[in-house]
Amino acid sequence: MKGLRYGGLECGGTKMVMAVCDEKGTVLDTATIPTQAPDETLEHIVAYFKERDVQTLGVGAFGPVDLNFASPTFGNILNTPKLAWQNVPLLKTLKEGAGVPVVLDTDVNAALYGEVVLGGAKGIDHAAYITVGTGIGIGLWLNGRLYHGSLHSEGGHMRIARFPGDTFEGNCPFHKDCLEGMAAGPALLKRYNVEKPEEIWKQEGSMDLESHYIAEAITDLTMLLSLQRVILGGGVCDTPGLVERIREMTAEKLGDYLPRPDKNQMDQFILPAALYPNQGIVGAAVLGRDFSTI
Ligand code: ZN
């Protein structure tokens with residue numbers, strides 16, 4: 001007998017990653033298409049999942065997205081800078097098109113859920129997932145549940161202390177020098193006036209600067225939420241040596257104030273995503289598997 005198949009979709013601003021997983025979250029098939037006009041893009045996605053006979057579809061979407069069940073615009077993309085996608089009824093279109101239950105969350109929460117179920121935050125009740133790439137996203141797993149608040153977390157826009165001597169004005173269009181405005185990939189390229197990501201790390205002090213910003217965020221989240229684990233994802237966090245430096249700086253910033261996390265075991269507290277680079281699509285697939293109600 002053929003095993004059950006679960007669809008996962010990572011819905012991004014520049015590309016759509018689709019995958020089919022088995023019951024255990026193993027990726028059986030995957031495909032990527034560029035994000036173009038909503039109608040043709042969604043049609044392509046629906047066709048992919050219909051052909052592959054999935055039981056459910058889980059979606060991790062770029063935001064902001066309406067996740068409030070009671071809202072008349074539940075499941076819609078909200079005021080994204082990608083204008084053609086504003087107010088697109090993503091959930092409804094996929095559900096009607098694919099004819100299977102669809103579960104929608106943010107791309108960050110989907111990746112976090114993948115790490116909780118199958119990756120580095122297995123068995124943990126209080127965890128944060130931080131992705132650092134073209135933007136910065138933070139997802140929270142608190143008391144054994146995904147946290148949404150009134151919309152969803154936008155932790156990339158937290159205020160953080162500047163790295164000593166850093167005079168970069170910040171490039172967030174909304175807040176200038178928020179976390180994302182100072183430490184996401186585009187902020188690093190602009191600050192150092194370089195074009196390629198690998199050139200960033202040749203600049204003197206860049207590793208310390210970036211580690212400082214991520215460690216500031218981890219320290220604030222840990223003080224506020226008493227986290228047991230932090231998972232780091234995204235292209236920037238894949239830089240060799242960065243996670244280790246972030247651990248050291250976080251231990252310094254926590255300043256021996258708390259008994260937990262143990263500053264001698266920071267390698268148990270801050271971990272790179274175990275499912276990298278598939279945490280987003282696998283997470284979306286297991287979200288669909290675990291939370292579809294029909
Ligand atoms: Zn911002």
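**Close-up views of a pocket and a zinc site**

**View 1. Elements around the second largest pocket.** At least two residues of the lining of the second largest pocket come from each of helix H2 (90-98), strand S5 (102-106), strand S7 (136-142), strand S8 (145-146) and helix H10 (279-291). With 4 residues, S5 gives the most to this lining. The model shown here and in the other views is predicted.

View 2. The volume of the second largest pocket is about 630 Å³. It is lined by 23 residues, and those closest to its centre are Phe-69, Val-103, Leu-104, His-148 and Phe-291. By type, the lining consists of 15 nonpolar, 5 polar and 3 charged residues.

View 3. Domain 1 (6-107 + 277-291) and domain 2 (120-272) both give residues to the lining, so the second largest pocket lies between them.

**View 4. Donors of the zinc ion.** Four protein atoms lie 2.1 to 2.4 Å from the zinc ion: ND1 of His-157, SG of Cys-172, ND1 of His-175 and SG of Cys-178. The angles among the 4 donor atoms are 102 to 123°, and the site is tetrahedral.

**View 5. The zinc site along the chain.** The spacing of the donor residues in sequence is H-x14-C-x2-H-x2-C. His-157 and Cys-178 both lie in the loop between S8 and helix H4 (179-183), so this pair ties together parts that are 21 residues apart in sequence. Cys-178 is buried, because its relative accessible area is 0%, and buried means under 20%.

Note on methods
Residues numbered from 1 in each chain as written. Predicted model: local features only at pLDDT ≥ 70, side-chain atom pairs only at ≥ 80, totals over all residues. Heavy atoms only, no water. Donors = N, O, S within 2.8 Å, 3.2 Å for Na, K, Ca; no water. Tetrahedral: all angles 85-135°; square planar, octahedral: opposite > 155°, others 65-115°. Buried < 20%, exposed > 50% of the residue type's maximum accessible area, 1.4 Å probe, protein only. 1 Å grid on protein atoms, 1.4 Å probe; cavity = no way out; pocket = protein on both sides within 12 Å on 5 of 7 lines; lining within 4 Å. Points joined across faces, edges and corners; volume = space filled by probe spheres on them. Nonpolar A, V, L, I, M, F, W, Y, C, P; charged D, E, K, R; others polar. Domains from an automatic or database assignment.
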